[in-house]
Amino acid sequence: MSIEVRHLTHTYGEGSVLKTVALDDISFTVEPGEFVGIVGHTGSGKSTLVQHLNGLLKPTSGQILIDGQDLNGEKVDRRALRQRIGLVFQYPEYQLFEETVAKDIAFGPKNQGLPADEIDRRVRKAMESVHLDYGKYAEKSPFELSGGQMRRAAIAGVLAMEPEVLILDEPTAGLDPRGRDRILTMLEELRAREHTTILMVSHSMEDMARLASRLLVICEGKLAADGSPRELFSRPGLMSSVGLDIPEAARLCAVLRAKGYDLPADLYRPEELREHLLRLWKEASAC
């Protein structure tokens, strides 16, 4: 599934004194299998953008094309397209409501009218994907789970719909380091196993450094930059100009380069910085 956004503009309060342009002439394309990070400071328009990508919001102007079809076209089955694009809101655990974890995860597939055996297969697969043991948690109330487990159970409810595209809005917000790491590991595994196209909104540049193959930088409703993490994190001036930082490894690399260390300017992951520092240490030891 490909997604093409053409000149997307969205205005809240059109025709009133409260008129606010949330998105302003944004265009980009997402290819199948990409992991796209969407970053920007609070209020930049990130959440408004992702709510357009499965038709929850309609553009004031512009188009969203899904496999070449206008998502908001008159003859398009928007419900069918939405089933192919899963959207996980911020704090999705607030939407848990069923008696058991399994029933909550099964809610979407059941509404699709799927047979019982297919629903059961999807529930089991989704729970496995989010590292919740079926035998241990399926019959538990979702409200007996820890905060991180509730978050993963809510994400499993979206995965059970087997979307081709998964969109997540701040999926690690409010979690402790262990819960955050489990969510990120789950997303890494999902992409590797299912080749799912993933778009993720996040304030964490560390999360983006770990997962994203591409970044969209949103600033005041406009697309300020579109490029690989390696390209954009090597331009701290650009990122700071839109109110964003760069990962710790990239900052440390810049400091070491300023002190005369022979390091590439585009390092941004801890493991690659460590590898280069070990090489320099071995070279120095050999001398």
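Figure 1. The model is predicted: local features require pLDDT of at least 70, side-chain atom pairs count only at pLDDT 80 or more, and totals for chains, interfaces and linings use all residues. Residues are numbered from 1 along each chain as its sequence is written, and side-chain values use heavy atoms, with hydrogens and water left out. Helices (H or I, at least four residues) and strands (E, at least two) are DSSP runs, numbered from the N terminus. Within α3 (residues 101-111), the buried residues are V101, A102, D104, I105, A106, G108 and P109; buried denotes under 20% relative accessible area, with a 1.4 Å probe and protein chains only. These buried residues pack against α4 (116-129), α5 (134-137) and α6 (147-159).

**Figure 2. The largest pocket.** The volume of this pocket is about 780 Å³. Its lining comprises 26 residues, and L87, G108, G157, V158 and M161 are the closest to the centre. A pocket is an open set of points on a 1 Å grid over the protein atoms alone, where a 1.4 Å probe fits, with protein on both sides within 12 Å along at least five of seven lines; lining residues have an atom within 4 Å of a point. Volume is the space filled by probe spheres set on the points, which are joined across faces, edges and corners. At least two lining residues come from each of α2 (78-84), β6 (85-88), α3 and α6, and α3 gives the most, with five. The lining has 15 nonpolar, eight polar and three charged residues; Ala, Val, Leu, Ile, Met, Phe, Trp, Tyr, Cys and Pro count as nonpolar, Asp, Glu, Lys and Arg as charged, and the others, Gly among them, as polar.

**Figure 3. The second largest pocket.** This pocket holds about 210 Å³ of space. Of its 13 lining residues, K125, L159, E162, L190 and E194 lie nearest the centre. Two or more lining residues are given by α4 and by α7 (177-194), and the largest share, four residues, belongs to α4. By class, five lining residues are nonpolar, three polar and five charged.

**Figure 4. The surroundings of H52.** H52 is part of helix α1 (residues 46-52) and is buried, because its relative accessible area is 0%. The side chains of H52 and H10 form a polar contact of 3.1 Å, that is, a pair of N or O atoms within 3.5 Å, of which, within protein, one must be able to donate a hydrogen and the other to accept it, residues adjacent in sequence counting only if both atoms are side-chain atoms. Beyond its neighbours within four places in sequence, H52 is in contact (heavy atoms within 4.5 Å) with L8, H10, L23, L57, K58, P59, I64 and L71.

Conventions: Buried means under 20% relative accessible area, exposed over 50%, partly exposed in between (1.4 Å probe, protein chains only).
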